[in-house]
Amino acid sequence: MKMLQLVLILLVLSGVFTQHSKWGVKYPDKPICAVRGFSVSIKCSYYYPRGHQVIQKLWCSMNLNTDLCKNPPYVYDSSLNTKSDFDFTGDDKSDCTLLIHNVQFNYSGVYRFRFITDVTGGKLTGYPGATLQVTDLKVSLIRLSGNGTLKQGDSLNLTCDVSCTHTSSQFVWSKNNQRLYTSGPVLHFPALTLRDSGDYTCTWGTGETSGSKTISLHVEGESFDQWKIWIIIFIVVVILVIVATVIYLRRKRERGEENTQDGANTHDKQPKPQPSSVPQLDDETLPEEEVTYARVCVKDKKVTQRCTNTEQQKEDDNVIYSAVIKS
């Protein structure tokens with residue numbers, strides 16, 4: 001019972017002391033994770049009694065400063081107009097946030113903030129400080145099926161990994177600078193297609209920092225490249241032209257043979273000339289010495305052929321027989 005009362009008294013006294021002193025610096029409760037090459041913000045707030053005016057703000061790294069930040073070196077000093085990777089983004093009231101650019105591995109460690117007011121003895125270094133962890137952001141390709149070069153149908157995972165995880169961290173994936181509607185450290189490809197080729201970027205971020213890493217995927221399909229496709233198209237066109245030419249020549253030859261056969265058939269069907277039906281005269285009716293024969297052929301009322309055969313059997317041309325045949 002007495003022990004409980006003592007604890008309560010100590011708590012009350014502690015609250016009263018804190019309320020009346022009003023000196024302090026508040027840092028993040030957990031270590032801050034930063035990606036090498038990117039920026040990180042160490043959020044910080046401070047407070048002091050009324051009537052004080054802050055005239056100097058300091059940040060120190062415990063990797064360099066062994067004097068508990070009471071004396072140089074400092075990574076940031078508001079009284080010096082110098083530029084570095086360490087930039088103060090707070091104010092003279094209550095914000096003591098430190099922004100670190102181009103974070104490197106040797107920036108890992110504990111950082112503390114110190115401020116000085118215009119009142120004598122008005123200075124404070126905040127404890128215990130903020131812890132910074134620097135890591136690389138890695139995007140790895142994990143093959144689930146297939147080997148060698150990436151081909152259509154292969155399955156894989158793209159994983160985004162940081163060694164210092166943070167509960168409030170967020171992973172954002174993008175392809176060719178276009179954001180993908182997926183989240184989480186793993187991007188899954190159950191079956192690759194040619195359209196999956198491209199540059200994939202994983203952006204990891206928290207409220208204090210962010211970083212990104214890009215990996216390229218080149219998927220080779222069973223289909224040929226574009227120039228090979230053009231070669232195939234050219235070969236197909238040439239084959240089609242050859243086939244069309246052969247068919248044309250064959251049909252032309254067949255038509256020529258048909259015309260030849262038709263001409264031969266027409267020639268065969270023409271009527272053969274019939275023997276002349278010239279009336280035969282009885283040689284006995286006329287004296288052999290006085291007979292003369294003549295023959296004339298006429299067709300379609302036009303004279304196409306005239307044949308005259310004259311035979312003088314005797315010296316005296318007394319009797320002439322003529323026969324005209326019209327056809």
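Reader: How many disulfides does a search of the whole structure find?
Author: The model is a predicted one, and a disulfide here is a covalent bond between the sulfur atoms of two cysteines. When the bonded cysteines of the chain are numbered in sequence order, their pairing reads 1-7, 2-5, 3-4, 6-8. The search of the whole structure accordingly gives a count of four.

Reader: Which cysteine forms a disulfide with Cys33, and which hand does the bond have?
Author: The partner of Cys33 is Cys164, with an S to S distance of 1.6 Å. Cys33 belongs to strand S2, whereas Cys164 sits in the loop between S13 and strand S14 (170–175), so that the pair links distant parts of the chain, 131 residues apart. Cys33 and Cys164 are both buried. Because the torsion about the S-S bond is about 55°, the disulfide between Cys33 and Cys164 is right-handed.

Reader: Which hand does the disulfide of Cys44 and Cys96 have?
Author: The sulfur atoms of Cys44 and Cys96 lie 1.7 Å apart, and both residues are buried. The torsion about the S-S bond of Cys44 and Cys96 is about -85°, and therefore this disulfide is left-handed.

Reader: Is Cys60, which a disulfide joins to Cys69, buried or exposed?
Author: The disulfide that joins Cys60 to Cys69 has an S to S distance of 2.1 Å, and its torsion of about -135° makes it left-handed. Cys69 has a relative accessible area of 0% and is buried. Since buried means under 20% relative accessible area, Cys60, at 0% relative accessibility, likewise counts as buried.

Reader: How many residues does the largest nonpolar core have?
Author: Strands that each supply at least two residues of this core include strand S5 (54–61), strand S9 (109–117) and strand S11 (130–135). Among the residues with the most contacts inside the core are Trp59, Tyr111 and Leu132; leaving aside neighbours within four places in sequence, the contacts of Tyr111 include Trp59, Cys60, Ile100 and Leu132. The number of residues in this largest nonpolar core is 26.

Reader: Which residue in S16 is the bridge partner of Leu156?
Author: Three strands form an open sheet in the order S12-S13-S16, with antiparallel pairing, and its edge strands are strand S12 (138–143) and strand S16 (186–189). Neighbouring strands of this sheet are turned by 15° against each other on average, direction ignored. Strand S13 (residues 156–161) pairs with S16 over four bridges, and the bridge partner of Leu156 in S16 is Phe189.

Key. Residues are numbered from 1 along each chain as its sequence is written. This is a predicted model: local features need pLDDT of at least 70, side-chain atom pairs count only at pLDDT 80 or more; totals for chains, interfaces and linings use all residues. Side-chain values use heavy atoms; hydrogens and water are left out. A nonpolar core is a set of buried Ala, Val, Leu, Ile, Met, Phe, Trp, Tyr and Cys residues joined through side-chain atoms within 4.5 Å. Buried means under 20% relative accessible area, exposed over 50%, partly exposed in between (1.4 Å probe, protein chains only). Contact means heavy atoms within 4.5 Å. Two strands pair if DSSP finds at least two bridges between them. Axes are lines fitted to C-alpha atoms, for helices over the stretch in contact, and angles run from 0 to 180 degrees between N-to-C directions. A disulfide is a pair of cysteine sulfur atoms within 2.5 Å.
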